[in-house]
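The structure is shown first, and the description follows.

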Protein chains: 2
Amino acid sequence: MTRFAWLCTTILLCSHGVAQLTGVGPASTNIPGAEFPRVNKDLSVTFKIKAEFAHSVQLLMELGQSTYEMSRDSSGLWEVTTKPLTTGFHYYAISVDGFASNDPGSRVFFAARKEVSGLEVPGAESEFFSIRDVPHGTLRTEWYRLNGTGQIRRIIVYTPPGYDQSHERYPVLYLLHGFGEDQAGWSEQGHENFILDNLIASGTAKPMIIVNENGMIDTEHQPPPPAGGPSRSSAIVTYFMNQRYALFDKIVSSELVPFIDTHFRTVPDRNHRALAGLSMGGSQALRIGLNHLDQFASLGAFSPAIHITDTRTDYDGSLEKASTINQQLKLLWIGIGRDDFLHSPVLESHEALERAGIKHVWIESSGAHVWTVWRRYLEDFAPRLFQ
Amino acid sequence: MTRFAWLCTTILLCSHGVAQLTGVGPASTNIPGAEFPRVNKDLSVTFKIKAEFAHSVQLLMELGQSTYEMSRDSSGLWEVTTKPLTTGFHYYAISVDGFASNDPGSRVFFAARKEVSGLEVPGAESEFFSIRDVPHGTLRTEWYRLNGTGQIRRIIVYTPPGYDQSHERYPVLYLLHGFGEDQAGWSEQGHENFILDNLIASGTAKPMIIVNENGMIDTEHQPPPPAGGPSRSSAIVTYFMNQRYALFDKIVSSELVPFIDTHFRTVPDRNHRALAGLSMGGSQALRIGLNHLDQFASLGAFSPAIHITDTRTDYDGSLEKASTINQQLKLLWIGIGRDDFLHSPVLESHEALERAGIKHVWIESSGAHVWTVWRRYLEDFAPRLFQ
């Protein structure tokens, strides 16, 4: 039996409901009962859309990075089968006469500041983020009120298996999403809960609490970051470096951390607190973390929107003293995919840290700027925490 | 200051994120930062869609029950302003050349077995389900495994404010959604958590746990219920009466209740357990509840898909002995709106129960088969429980 066949018969993938994935067939991200999109044996995927009166229908994969023309039959059913896709999570849209729509057959996920259809392509490497027959933690939605402004904010909190039954105190990972996503990204797209359930069940990671806040603070009412062009990566980094982090820094350090420490059984010290994020959230995690070394002893930057060139001046000089950073940080983790459009500025940031003698874990992986990579990064990062 | 103006200045409506509603302006159900749909002073709503290459764009309100033609400007922006809408929650879609799409400006909600755009129209009567500055409970997503089949199922559990900090035990309301929705309906569309937070804060309802399971069991892979026509209501009721309830009955009574009683601090007896639901879920609640009077002492049927004509034979004879029912049930609550397409069979059911001398609370309200009504029903039902 091949590893893939084994996977198909033993793993239940369950996203929103009770959908069970057996590899080939309706995608696990489908609406229960929807036959399409359908994953084929070679990991190509067949899409079918009923649009009787449309003149032109296209499949836009990865938010438009690759486009497939769909062809119409006599009844108005449009169909296309993609080339084999990579295992993992893909955003997509259906363009109906030029209007980007959701696929009625799929669940949606919040990305690029809208609700976007998502597709899970299965594979042997899906196991670590799949729902398996191990003890499951809880995903809690909590509301808390800022002392400063009175605003009521919604957060997602993962508590590990057994939290309710025990009297133990747990360490906390504050985990931030990327631009255009929200606090649900790490659970819905990222499967943070299943990743941790599985790591905890195998004894690979310490049981921990995970907290997801919404980092779309200053950017909410501002134009989106630059869309393309040859200098996109540096333009993106400049965009995020120029955002005013002050408000989100204050929310995380002065409001969120005290709320979590008073409402959950945490170990309320810096050694038992980590801060990490992806893309924009990676940039936020480094900046807020370096600004609050009294609160966080471990930092993670997953495909971060950073471009550190001079550690003496960048990040308001908070990287200036390598010896202080090395002494205070138990872990500084930076990862980037070789196909990521941010590869070059992140690689240069790594080299700048190396030159300055700032110790860090450096992961140069396969993959692009996608959730499939960030799930793997969490799988690598979490076991290094709180040891 | 009018009541409406007062509302606009004091209430923060916060659906998914941090969006704040001040009555007039972007709807509270919008994507953060999206200007449209926009609620006007007279509660008409203006929609704008960019669809440069579309030939015809329509707004379909309430899943197509009323249609507005949108008109195009020279840049490809389509716009329409509705007549004044009723306060509360509305499903809608944008039809682009005949293809029903989501509005990129709105959050979506799971209904009619797909992800559908939702619109909250504010008003003074929104207060009871709005997020207010009171202690907030938690919405937990939990996974549990059926002993029977090994299937892992996702449920939503509301725990009241203070649950984590106390050692008290709480009564439990099992609350079911309607056809084509899922276990998230009562929190996302229904705001069950804010309704209970507010009722508990004012001392009107006892603190309680609420549990939402997914009732789309037998119906998942079956054709949808009859769509229209003059005999739709009786056809719908027949459809739901004919579904095999056995599996869901077994899940609720033999697996869910024991899981909740072992994983939460409940008072594990019939007097502290209620079962209610809306539409299909109301039918399920009555049927399962009457079949398990040893487990549930209070039942609620909100706009239920029921048509009781003969209490001696309907529901497998479980209604036959009025004296037993009256003795065992602390509460039997049935409500229907005068504009609901199920009004007539539910009214006849009420009359059949009256004739048989089966005591029940009977609410004939304004409104149709919509969440706006079900939120009000929960506000009426919950304070009657566990007194």
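## Basis of the description

Helices, of at least four residues, and strands, of at least two, are DSSP runs numbered from the N terminus. In these terms B:Pro37 belongs to the loop that runs between strand S1 (25–26) and strand S2 (38–39) of chain B. The model is a predicted one.

## The interface between chains A and B

The size of an interface is often given as the accessible area lost when the parts come together. Here chain B and chain A bury about 4,800 Å² between them, with 56% of that area on carbon and sulfur atoms, and 55 residues of chain B are in contact with 55 residues of chain A. Across this interface there are eight salt bridges, as well as 16 residue pairs in polar contact, both residues being at pLDDT 80 or more.

On the side of chain B that touches chain A, at least two residues each are supplied by strands S3 (45–50), S9 (99–101), S10 (108–111), S11 (114–121), S12 (138–145) and S13 (152–159), and by helix H3 (192–201) of chain B. The largest share, seven residues, comes from S12(B), and the residues of this side as a group divide into 19 nonpolar, 20 polar and 16 charged.

## Contacts in detail

A salt bridge links B:Arg107 to A:Asp182, and the closest N and O atoms of this pair lie 3.3 Å apart.

## Backbone geometry

Most residues other than glycine have a negative phi, and most peptide bonds are trans. In chain A, however, a cis peptide bond joins A:Phe36 and A:Pro37, with omega about 0°, and A:Pro37 is found in the loop between strand S1 (25–26) and strand S2 (38–39) of chain A. In chain B the peptide bond from B:Phe36 to B:Pro37 is likewise cis, with omega near 0°.

Conventions
Residues numbered from 1 in each chain as written. Chains lettered and ligands numbered in written order. Predicted model: local features only at pLDDT ≥ 70, side-chain atom pairs only at ≥ 80, totals over all residues. Heavy atoms only, no water. Contact = heavy atoms within 4.5 Å. Buried area = accessible area lost by both parts, 1.4 Å probe. Salt bridge = Lys/Arg side-chain N within 4 Å of Asp/Glu carboxyl O. Polar contact = N/O pair within 3.5 Å; in protein donor to acceptor, adjacent residues only side chain to side chain. Nonpolar A, V, L, I, M, F, W, Y, C, P; charged D, E, K, R; others polar.
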